[in-house]
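Q: Hi, I'm new to this one. Could you walk me through a part of it?

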Amino acid sequence: MTRATSTTTHGPVRAVHAITLGEVQVRPKNIEGTGTPMLWWTLTARTWSPWLPVLAFVIEHERGTVLFDTGQSPDSLTDPGYYPGGMLGWVYRRQARFRVPAEQTLTAQLAALGFTAGDITHVALSHLHQDHAGNLAPFTNVPVYVAPAELALLEQKTPELHGVLAARIPPPGVTLTPVPFTDADEFDLFDDGSLVLMPTPGHSPGSMSLLIRRADAAPLLLVGDVTYDPELLSRGIVPDVGDRADQLETARRITELTSSEPTLRVLAAHDPSALTLLTQP
Ligand SMILES: [Zn+2]
């Protein structure tokens, strides 16, 4: 299964679709961390996870069609200059490997839903890692929301050290829009409470999640790479990637949110069960 859809009959959110934009294998510590430094497990890891989906989400709202994350670029598999050279490029290849079958390109997955990239009115990125910001090129005329703390990575001397391929982000003609978070650390996309962006830092400094509230269906929290498995998150187990203290604080806040809203479903970008979680009644 590479796609799943949950539709609603009332309220401004009409449908939420999960789509698969490539697949990834990562190292075990990238899923279930124990506090091991990233450089250490990158050098010593010998095993890979199973192939996991690279998920993105299309949300049909009465006022627009929102794309949350854009998946892995097929260019990453064919363009020899896609990754940095030297030691840094070697580190990228040690940490993750990808495949993007023809039916899992953004164009193909949108077409299967009856859309083209031109139908998307808003894009929001959970963070700027390659498998979330890989297919931005078509979005030259729509807002592409990124958290300010994530945009700040592009100002660093070597964004690649933070997993951001700055030579490709943003692509020509694409403007990244800083999310205007309120003092309450929220951005309500359509001012109706149905689609709310919130910072969930740790995996990367500006990682953010999208809370979807629907009139007659369970609320959803799209968390990007905050976790690979919501069950681990609920036990306070976070990946050995990024800032551990921030990740644990984000895990605590999400656990708090799920206990105050027991029907909330946490959908992670590389969790194969997110597809069934989305469609379960
Ligand atoms: Zn990531």
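Q: Which residue stands opposite Leu220 in S12?
A: That's Ile212. Before we go on: this is a predicted model, where local features need pLDDT of at least 70, side-chain atom pairs count only at pLDDT 80 or more, and totals for chains, interfaces and linings use all residues. Residues are numbered from 1 along each chain as its sequence is written.

Q: Thanks! What are S11 and S12 joined by, and how do they run?
A: Three bridges join S11, residues 208-212, to S12, and the two run antiparallel. Strands here are DSSP runs of E with at least two residues, and helices are runs of H or I with at least four, each numbered from the N terminus. Two strands pair if DSSP finds at least two bridges between them.

Q: And how do S12 and S13 run, parallel or antiparallel?
A: They run parallel, with four bridges joining them. One example is Leu222, whose bridge partner in S13 is Leu267.

Q: Is S12 mostly covered or uncovered?
A: Mostly covered: five of its five residues are buried. Buried means that 20 or more other C-beta atoms lie within 10 Å of the residue's own; exposed means 12 or fewer, partly exposed is in between, and C-beta atoms are placed from the backbone.

Q: Which way do the S12 residues point?
A: Leu220, Leu222 and Gly224 point one way, while Leu221 and Val223 point the other way. In a regular strand the side chains alternate between the two faces of the sheet.

Q: What's the order of strands in the sheet?
A: It goes S9-S10-S11-S12-S13, an open sheet of five strands with mixed pairing. The edge strands are S9 (187-188) and S13, each pairing on one side only.

Q: Switching topic: which residues of H7 are buried?
A: Gln247, Thr250, Ala251 and Ile254 are. Seen down the axis of H7, the buried residues fall within an arc of 105° (taken from the directions from the helix axis to the C-beta atoms), so they line one face of the helix.

Q: What covers them?
A: The cover includes strand S12 (220-224), helix H6 (230-234) and strand S13 (265-268).

Q: And what's on the face turned away from the buried side?
A: There you'll find the exposed residues Ala245, Arg252, Glu256, Ser259 and Ser260.

Q: One last thing: where is Gly206?
A: Gly206 sits in the loop between S10 and S11. Gly206 counts as buried because it has 22 C-beta neighbours inside 10 Å.

Conventions
Contact = placed C-beta atoms within 7 Å.
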